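Let's take a friendly walk through this structure. Have the sequence and the 3D view open, and follow along.

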Amino acid sequence: MTAQTQADVTIVGAGIVGICCALSLQEKGKRVRLIDKDAPGQGASHGNAGVISPWSCVPQSMPGLWKKIPGMLLDPEGPVAVRPAYLPKFLPWAVRFLRAGRADRVAEISAAMAALVRPNVDIYRRHLAGTGHEHLVQASWYVHLYRNAAAADLNGLGWRLRAAEGAPIEVVSGDELREIEPCVSPDYQAAILVKDQARALSPGRIGAVLADKVRALGGEVLRTRVHRLQRDGDGWSLATDEGELRSAQVVTAAGAWSLGLLEPFGVRLPLVSERGYHLLFRSPGVTLANSVVDVEAKFVTSSMEMGLRSAGTAEFARADAKPNDARARMLAKQTKRILPDLDTADTEEWMGVRPSLPDSLPCIGEVPGQPGLFTAFGHSHYGLGMAPMTGRIVADLATGTPPNLDLSPYSLTRFGRFH
Ligand SMILES: Cc1cc2nc3c(=O)[nH]c(=O)nc-3n(C[C@H](O)[C@H](O)[C@H](O)COP(=O)(O)OP(=O)(O)OC[C@H]3O[C@@H](n4cnc5c(N)ncnc54)[C@H](O)[C@@H]3O)c2cc1C
C-alpha cells in the first residue's frame, strides 16, 4: 500500500458521483485518488434504472402527494414501504419531505434540479469518448405509460415543470405507442414521451469503464474502507483499512454512507437510506427501445446488455438491513402487465441504497470551516443523471474557479442544523 502517497484530491466513494468528480478534476489537471471499499460503480450506481434525462426536474415531493401516501404504504405491492425500526429516523425526514412539496417550494427545487441534469448526456458522451464503450449511453426517449388516456394530461404540474425547462414532450395514443414500443400491452391507452435524452445499457459497466479511464489518466483507484478524516496541516489525512493516506483536498462522495465521515465536523443532515430494488430478466424474449415507466406503479423498465431490468420502489430502512427480495420479485408481475410476452423464468434480484435528502437535491459544496473538504452526495433518485454536472461543480470548487451557477440550493447548511 502506498501509505505516504500524496494526492491533490482524494475522493471517498467510487459510485458514479465520485467517478465523475475524479474525471472532471483530472480535466482540470488535478492528481486524483479514488477510494471505494468495493469495486468502482457497483453500489446504487450499478443497479439503477439507467435513465439519463436532461429533463429530470420533477422533485419526489409534490403538492398533494401526502393524500396518496397512506394508500401507498398500506398496499403491500405499493411503491413505498417503511421498516418499523427505521420510523424514528424516517418520520422527521418525512415531515421535511412533505414541506419540500409545498407549491411555493417546488418551482425553486425544480430549477435547481434542472441545472444539475441539463448537460448530463453531453458530459457522459465526452467522458466515454475514446474508451471503446461509447455505446453504453444510447439515445432514448422516456415513455410514460397510462392505462387511462385522460390521465395523460400535460396540464399536470410535473409536466408543466418539465415544459418550463424546455423539455420536448408529446402525448401519443395507444396505437402510436405500440408503433414505438410494439411489445407494450394494449391495456395502455396513451403515453407521454419525453424526447432528447439517453439511457444506460449497463450503469455498472459505465462506472467500471470510467474508473478505468481515471486510472489510464494517471489517477489512483484504491479498494479500501475509509474510517476517518482528519485535518493534517494544510491538508487532510484519511484513516483506511490499509493505513494512513494524505491528501491536499478530500471529496466525500460516499452516497448513503457519507454522514459517518462528516459528523465529526458538525455536519448534521436529514439524509436517509431510501432503498430501491431491481429485477433482471436474463432471457426476457422481448425488447424495449426506450426507458419505459408505468406512471401508476412507479417503476422503470429498460432493455440492457444483461437482459431487461425493472427498477424502482422505495423502502426506507437501514442501509445494511437485509434486503426484502419480495419487493424485487413483485416487479415480475408488474412488468408482465406492461409486457405480456415477457419470459419471467430466469431472474435475478438486487437491492441498493439511494442517498436521499428531503428536497430531492444533493449537498454539493465545501464544508463550512473546513477548507479543502467537499461534499458530493445525496442524489436520491437522480444520481446517474446528476453525477456529470456534480463532478464539474466539485472540480470548479477544488480549483477555486467560480462555478457558473448558484450553489445555494445544494448548500450543506440549508436544513439549518449545522454546528
Ligand atoms: C432502483 C433504483 C433506480 C434508480 N434509477 C435511477 C435512474 O434511472 N436515473 C438516475 O439518475 N438515478 C437513478 N437512481 C439513483 C442513483 O442510482 C443514485 O442516486 C446514484 O447511484 C448515487 O450515486 P453515488 O455515487 O452517490 O452513490 P453509490 O453508488 O452508493 O456510491 C457510493 C460508494 O461509496 C462507497 N463507500 C461508502 N462508504 C465508504 C467508506 N467509508 N470507504 C470507502 N468507500 C465507501 C460505497 O461502497 C459506494 O460504492 C436509482 C436508484 C435506485 C436504487
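## Starting at Gln 189

Leaving out residues up to four places away in sequence, Gln 189 touches Tyr 146, Arg 147, Asn 148, Ala 149 and Gly 174. Touching here means being in contact: the C-beta atoms of two residues, placed from the backbone, lie within 7 Å. You'll find Gln 189 in the loop between α8 (174-180) and β7 (190-200). Helices (H or I, at least four residues) and strands (E, at least two) are DSSP runs, numbered from the N terminus.

## A word on the model

This is a predicted model, where local features need pLDDT of at least 70 and side-chain atom pairs count only at pLDDT 80 or more, while totals for chains, interfaces and linings use all residues. Residues are numbered from 1 along each chain as its sequence is written.

## The whole chain

Zooming out, the chain has twelve helices and 18 strands. Its C-alpha trace spans about 65 × 45 × 40 Å along the principal axes. A compact globule of 419 residues would have a radius of gyration near 22 Å, and the chain agrees with its 21 Å. That radius is taken over C-alpha atoms, and the globule rule is 2.2 Å times the number of residues to the power 0.38.

Of the 419 residues, 50% count as buried. Looking at contacts between residues at least 6 apart in sequence, 77% join residues at least 24 apart.

## Two domains

The chain is divided into domain 1 (6-46 + 204-268 + 359-410) and domain 2 (57-101 + 137-198 + 272-356), with bounds that come from an automatic or database domain assignment. Their centres, taken over C-alpha atoms, are 28 Å apart. Where they meet, 13 residues of domain 1 are in contact with twelve residues of domain 2.

## Around the ligand

How many residues surround the ligand? There are 41, and the closest are Gly 13, Gly 15, Gly 255, Gly 276 and Gly 383. Domain 1 and domain 2 each supply at least three residues.

## Inside α1

Eleven of the twelve residues of α1 are buried, so the helix is largely enclosed by the rest of the structure. Among the buried ones are Ile 16, Cys 20 and Leu 23. At 1.5 Å a residue, α1 should span 16 Å, and its end C-alpha atoms agree at 17 Å apart; the expected span is 1.5 Å times one less than the number of residues. After α1 comes Gly 29, whose phi is positive, near 90 degrees.

## Last stop: Ser 302

Ser 302 is in strand β14 (residues 299-304). Ser 302 is buried because 28 other C-beta atoms lie within 10 Å. Beyond four places in sequence, Ser 302 touches several residues, including Ala 49, Arg 199 and Leu 288.

Notes: A residue is near a molecule or strand if its C-beta atom, placed from the backbone, lies within 6 Å of it. A residue is buried if 20 or more other C-beta atoms lie within 10 Å of its own, exposed if 12 or fewer, and partly exposed in between; C-beta atoms are placed from the backbone.
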